[in-house]
Amino acid sequence: MRALSRLKLWRCAKVGARVEVRGHVYVIGGGLIEVGDDVLLDGHLVPVELHAEPGAVLVIGHGCVLEGGVSLEAQERVELGPGCRLRAFSKVMDNHFHPVVGARHVRPPSKPVKLEAGVELGERAIVLPGAWLETNVRIGPGVVIGRHVKAGVSLVGSPPHAELHDASLRDASVPEVRP
Amino acid sequence: MMVALMELVDWVGLHVPALRRARTAVAMARSHLALAGCEVGKRVLVHGTLQLERHGRVVVGDRCVFVAGPFPTAVHVGRGGTLEVGPRCYFNYGAQLEVHDSVRLGERCMFGSYVRVTDAPGAPVVVGNDVWVAHGAVINAGVTIGDGAVISAGSVVSQDVPAGMLAMGNPARLMSQQLSSPGGDHG
């Protein structure tokens, strides 16, 4: 079973121990993809997409769980820390691919994305270029976030607003969230 | 067998530059198969799986592209429904178009992955030219989107969007594209 999982990830530069792939995983691009130990890619209903363009780096930390329909797209660098959980159809990307203003077919510069240890993304959540989510941040379903979020903060809604889920962090400042 | 051969040529063409033309030819051939019975323009490319359930009229303009990906693009046109796709539109994988009355998409529109467009009887959807609908956005029935508008990632649009505006959030709120910061929460 694990041999089959490694076979499905043959295009990844580095695959850790005890990695499990259920169903399909869609690995594209010629970039560097590193998968840590004990990672679970659960694509038995909908495939998981791992996309790293040539020269880009996509790192999936130890013990991460990626559910079906999750899409990770790295044009420069996307890094998931250990123990992250990405729920169904969530997406992480480090490039907008098109500018809002001006020529739509000129690709804008990438901004690396970092999810630290224990981050959880809800269903259909979207992490945009330049986002930096510190440890144990929880992003609710459908939230779109593209900025720095401090440790232990929960974000819900769209546009996102903060909720603290850890009582010890009640005094911590909440991130600036644009209305 | 034929489909498997097309998949093979498509995959090889993606990785071997010398076979790009063969890949394009396969995508054009696939468009004739996937869009059989539709009014299809010139050089329409279907790279991935396109699931079409057609009980009404479907018009696809010249040089439209349907991209391959981990999830198929799905088009459902109900009885008496009309789907008109303008020239040079671009659909990323997983887009869903559900038509019961009328959905008109303008020229050079871009639809990101997992975008959903749906109408209802008496509430048609009209999308102008040069509109960009980013990943995971939902366009609901009765909505008209003006030329050059941008629908940000994950937005749910239930009201009209004027030309040149940026719509973001759930429900979508309008803002000027000039005010959108490069690091903002748009798609």
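Student: In which loop of chain A is the place of A:Pro159?
Tutor: This is a predicted model, in which local features need pLDDT of at least 70, side-chain atom pairs count only at pLDDT 80 or more, and totals for chains, interfaces and linings use all residues. Residues are numbered from 1 along each chain as its sequence is written, chains are lettered from A and ligands numbered from 1 in the order in which they are written, and side-chain values use heavy atoms, with hydrogens and water left out. A cis peptide bond joins A:Ser158 and A:Pro159, with omega about 5°. Taking helices (H or I, at least four residues) and strands (E, at least two) as DSSP runs numbered from the N terminus, A:Pro159 belongs to the loop between strand S18 (153–156) and strand S19 (161–164) of chain A.

Student: What is omega for the cis peptide bond that joins B:Asn170 and B:Pro171?
Tutor: B:Pro171 lies in the loop between strand S19 (165–168) and S20 of chain B. The cis bond from B:Asn170 to B:Pro171 has an omega of about -5°.

Student: Is A:Phe89 buried, partly exposed or exposed?
Tutor: A:Phe89 is found in the loop between strand S9 (85–86) and S10 of chain A, and its phi is near 65°, a positive value in a residue other than glycine. Buried means under 20% relative accessible area, exposed over 50%, and partly exposed in between (1.4 Å probe, protein chains only). The relative accessible area of A:Phe89 is 24%, and therefore this residue is partly exposed.

Student: What is the relative accessible area of B:Asp130?
Tutor: B:Asp130 is in the loop between strand S13 (125–127) and S14 of chain B. Its phi is near 55°, again a positive value in a residue other than glycine. B:Asp130 is partly exposed, and its relative accessible area is 29%.

Student: How far from a polar atom of the side chain of A:Ser5 does the backbone nitrogen of A:Val21 lie?
Tutor: A:Ser5 is part of helix H1 (residues 2–8) of chain A, and at 2% relative accessibility it counts as buried. Leaving aside neighbours within four places in sequence, A:Ser5 is in contact (heavy atoms within 4.5 Å) with A:Val19, A:Glu20 and A:Val21. From the polar side-chain atom of A:Ser5 to the backbone nitrogen of A:Val21 the distance is 2.9 Å.

Student: How many residue pairs are in polar contact between chain A and chain B?
Tutor: The contact takes 29 residues from chain A and 33 residues from chain B, and about 2600 Å² is buried between them, 55% of it on carbon and sulfur atoms; buried area is the accessible area (1.4 Å probe) that two parts lose on being put together, summed over both. Across this interface the rule finds zero salt bridges, a salt bridge being a side-chain nitrogen of Lys or Arg within 4 Å of a carboxyl oxygen of Asp or Glu. A polar contact is a pair of N or O atoms within 3.5 Å; within protein, one must be able to donate a hydrogen and the other to accept it, and residues adjacent in sequence count only if both atoms are side-chain atoms. With both residues at pLDDT 80 or more, the count of such residue pairs is four.

Student: Which strand gives the most to the side of chain A that touches chain B?
Tutor: Strand S4 (40–52), strand S10 (91–93) and strand S16 (144–145) of chain A each supply at least two residues of that side. With three residues, the strand that gives the most is S4(A).

Student: Which strands of chain B stand at the edges of the sheet?
Tutor: Eight strands of chain B form an open sheet with mixed pairing, in the order S2-S5-S8-S11-S14-S17-S19-S20; two strands pair if DSSP finds at least two bridges between them. A strand at the edge has a single partner strand, so one side of it is left without a neighbour in the sheet, and this holds for S2 (45–46) and S20 (173–176).

Student: What is the bridge partner of B:Met110 in S14(B)?
Tutor: Strand S11 (residues 110–111) and strand S14 (residues 132–133) of chain B pair in the parallel sense over two bridges. In S14(B), the residue bridged to B:Met110 is B:Trp132.
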